[in-house]
Amino acid sequence: MDNTHHFGKFSKQSPKGIVVIYGNLLYKIFKTTWVLLFILLRQFLKLSEEGVSYVYLGIVVVLGLLLFRAYLVYKNFQFKIANNQFILKQGIFKKSNTSISFDRIQNINFKQNLIQQLINVYQVNIETAGSKKTEIAIKALSFEKAEALKKQISLNTVIDAVPLKGNTPLLKISFLELLKVSLTENHLQSLLIFVALLIGIYQQIKDVFKSFGRTDNLKTYLDEGTQVLYGNIILFAFLFIVLLMVGLIGSFVRIFFSHFNLSVFVKHQSFEINQGLTTKKTIVLKKGKIQNITVSTNPIKEKLGISFITFKQAVSGKVAKKKNKLIRIIGCKTNQVIKIKELLFNFKKLESEEKNLVDSYYKTKMYFRSSLMIVLFNIIIYINTENIRWFFSIVILLPIMVLLIRLKFKKAFYKLNDDLLIIGNGRVETHITYLEIFKVQNIKMKQNVFQARKRVVDLVFQTAAGKIKIPCIKRKKALEIYNYTLYKVESSTELWM
Amino acid sequence: MFENQQIDQLPNVDELLFKNIRKAYLKVVLIHYLLFSGVLLTGFFLLVQYKLQEIFPTYIDGIYIGLLLLFLLILTFLIVGFYRRKFAIRERDISYKSGILIKKITTVPFSRIQHIEVDESPVSRIFSLASISVYTAGDSSDDLEIKGILKTEALQIKEFINQKING
């Protein structure tokens, strides 16, 4: 390819990077101060002409200073490659110097947001399993330079640049298929995300109002709004439909923005995933770095024969906080799922084997806990409202509870062969997790007093990508798996990452 | 070819001879607990003396008895729980078990250990005790920590594991 890019000496990003950095700075400032700006705008209309010109001057000065800052950020951002390490200098006042050795690099991803697409530069993200600080984002490189950088780093690692079998993708999702996927999403979840967003905005507005000492206004306004809603059945029905629509549109937007034009290519040691509408992303996923995968589907998706695969890689610190590190391929057909599994594991024999169900104590435990919850829920409601009417909610809640528990119990299973552990779980959705046993980091067996009576235990596998649990299996069986896992991990010479 | 014949001969973690942690550590546990509950109780006592007495004077005795019972209950759990804390080291892994109501056993293979830490708290230093923690990759909150072994022993274990990892 291009030999002009050696990266032996320190080099800067493309000068266009200033625009990208400037855009990012403006966006960040706008995001934190938009409510304030809005209020200022209203005051602004009342100003005299002289005042207006001062405000304009102020805006120009601030924008100019930010541009200068963007320039400085750009000027001080320099990187090179030396001794199989990627070295980065950055910082205006507080200089920092980061170096990452190639074999620690987990992914090299390309990304293009709207600005980057307009001026035709690529953002290169270099990810490691380490702390957030060591993650590097080079904001603007020309395509050639970005490819050259990837290749340079790839030469020394297992990241391979050339797709296998020419350029035919393993999976490509058309607009129609994407529509299908988004219609069958979990709309409740989309709704919750939307509500969380609203709460975030509300908090922000409240903070600003509070700093002006005017929370009462906002509160009375909102209270009046809720008063109208209360006790009106038609409004409730209307609200329900609106919420449903919001959920639906939410799923639609979410799926379309992040997974538009999804295509997956198979390479020797990795998968390459391209997707995104406003922000285009290219993710290179090394097979060896994948800790475990989960194949998920729900009843409607199952009918349509589609599922999604979640790839989990090593993360440090609390796993739950790093949801964005999960890499997801949506809309996989059955044969594509099989293909991906084949590429990753030797799973053939296991799939046909009989499922090992978990002990029926699991069901008992869930019934006990849920009943307790329902009783508590009713007591709290009764204390607050002193109204017997609410007890009728049990008529609805109980069947739902029984159904969910039965589903959850039915879907919990495990299978084990020489190298691979398969664990199923889920309620409405079905998740099947595939874990290579030698990738387990440590193993734990837990037994509470009730479980002790039934001689069952929970088995918890700790992997670099988080915990995987088999609930409530016979202690004897669990012990066998425990001993076997240790044997497998301790006798393995393969690298787990 | 891929059959799994070895499962019968695998070393069994159930047959391991687990070692108790040092008896002296019970004193450390109790001192920690007394300090903690002492501070809490004094705080509560002061609160009652100056604020709450007027509000519900009749219940005061009952509350004190309840607190005493709670104190004793936690104390028994601590003492019984102390004797349940055991560890074992094999050629290739380290195990730890504990718990009264929820019994737990964890094993960490040496080959997956990222780093090892030996810590001493101010109180345990009086009894020349230390704790040893091993960390694996990923969410480290659930790794293994053995509290209440002699500092010399902790350092020996650390050295032993380091040798096993590098050798």
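Guide: Let's start with a pair of helices: H12(A) passes H13(A) in a right-handed crossing. This is a predicted model, where local features need pLDDT of at least 70 and side-chain atom pairs count only at pLDDT 80 or more, while totals for chains, interfaces and linings use all residues. Residues are numbered from 1 along each chain as its sequence is written, and chains are lettered from A and ligands numbered from 1 in the order in which they are written.

Visitor: Why are H12(A) and H13(A) called roughly antiparallel?

Guide: H12 (residues 361–385) and H13 (residues 393–411) of chain A pack at an angle of about 155 degrees, with axes 10 Å apart. The axes are lines fitted to C-alpha atoms, for helices over the stretch in contact, with angles from 0 to 180 degrees between N-to-C directions. Under 35 degrees is roughly parallel, over 145 roughly antiparallel, 65 to 115 roughly perpendicular, and the rest oblique. H12(A) and H13(A) are therefore roughly antiparallel.

Visitor: Which residues make the contact of H12(A) with H13(A)?

Guide: Among them are Tyr362(A), Met366(A) and Ile374(A) of H12(A), and Leu397(A), Met401(A) and Phe409(A) of H13(A). Being in contact means that the C-beta atoms, placed from the backbone, lie within 7 Å. By class, there are nine nonpolar, one polar and two charged residues in this contact. Ala, Val, Leu, Ile, Met, Phe, Trp, Tyr, Cys and Pro count as nonpolar, Asp, Glu, Lys and Arg as charged, and the others, Gly among them, as polar.

Visitor: Why is H5(A) called oblique to H8(A)?

Guide: The axes of H5 (residues 175–183) and H8 (residues 233–259) of chain A come within 8 Å and cross at roughly 135 degrees. That angle makes H5(A) oblique to H8(A). H5(A) passes H8(A) in a right-handed crossing. Leu178(A), Val181(A) and Ser182(A) of H5(A) meet residues of H8(A) including Phe252(A) and Ile255(A).

Visitor: On to strands. How do you know that E1(A) and E2(A) pair?

Guide: Two strands pair if DSSP finds at least two bridges between them. E1(A) and E2 (residues 85–90) of chain A have five, in the antiparallel sense. Ala82(A), for one, stands opposite Gln85(A) in E2(A). The names come from DSSP runs, numbered from the N terminus: helices are H or I, at least four residues, and strands are E, at least two.

Visitor: What makes E1(A) and E3(A) edge strands?

Guide: E1 (78–82) and E3 (96–101) of chain A each pair on one side only. They belong to an open, antiparallel sheet in the order E1-E2-E3.

Visitor: Which are the edge strands of the seven-stranded sheet?

Guide: That sheet is open and antiparallel, ordered E13-E12-E11-E17-E16-E15-E14 in chain A. E13 (327–333) and E14 (356–357) of chain A are its edges, each pairing on one side only. Five bridges join E12 (residues 306–313) of chain A to E13(A), and Ile309(A) stands opposite Ile329(A).

Visitor: How do you know that chain B touches chain A?

Guide: 28 residues of chain B are in contact with 29 residues of chain A. E4 (residues 102–109) of chain B gives the largest share of the chain B side, eight residues. That side divides into twelve nonpolar, seven polar and nine charged residues. E4(B) also pairs with E18 (residues 440–448) of chain A, antiparallel over six bridges. Gln447(A) has Lys103(B) as its bridge partner there.

Terms used: Two residues are in contact if their C-beta atoms, placed from the backbone, lie within 7 Å. A crossing is left-handed if the near helix is turned anticlockwise from the far one by less than a right angle, and right-handed if clockwise.
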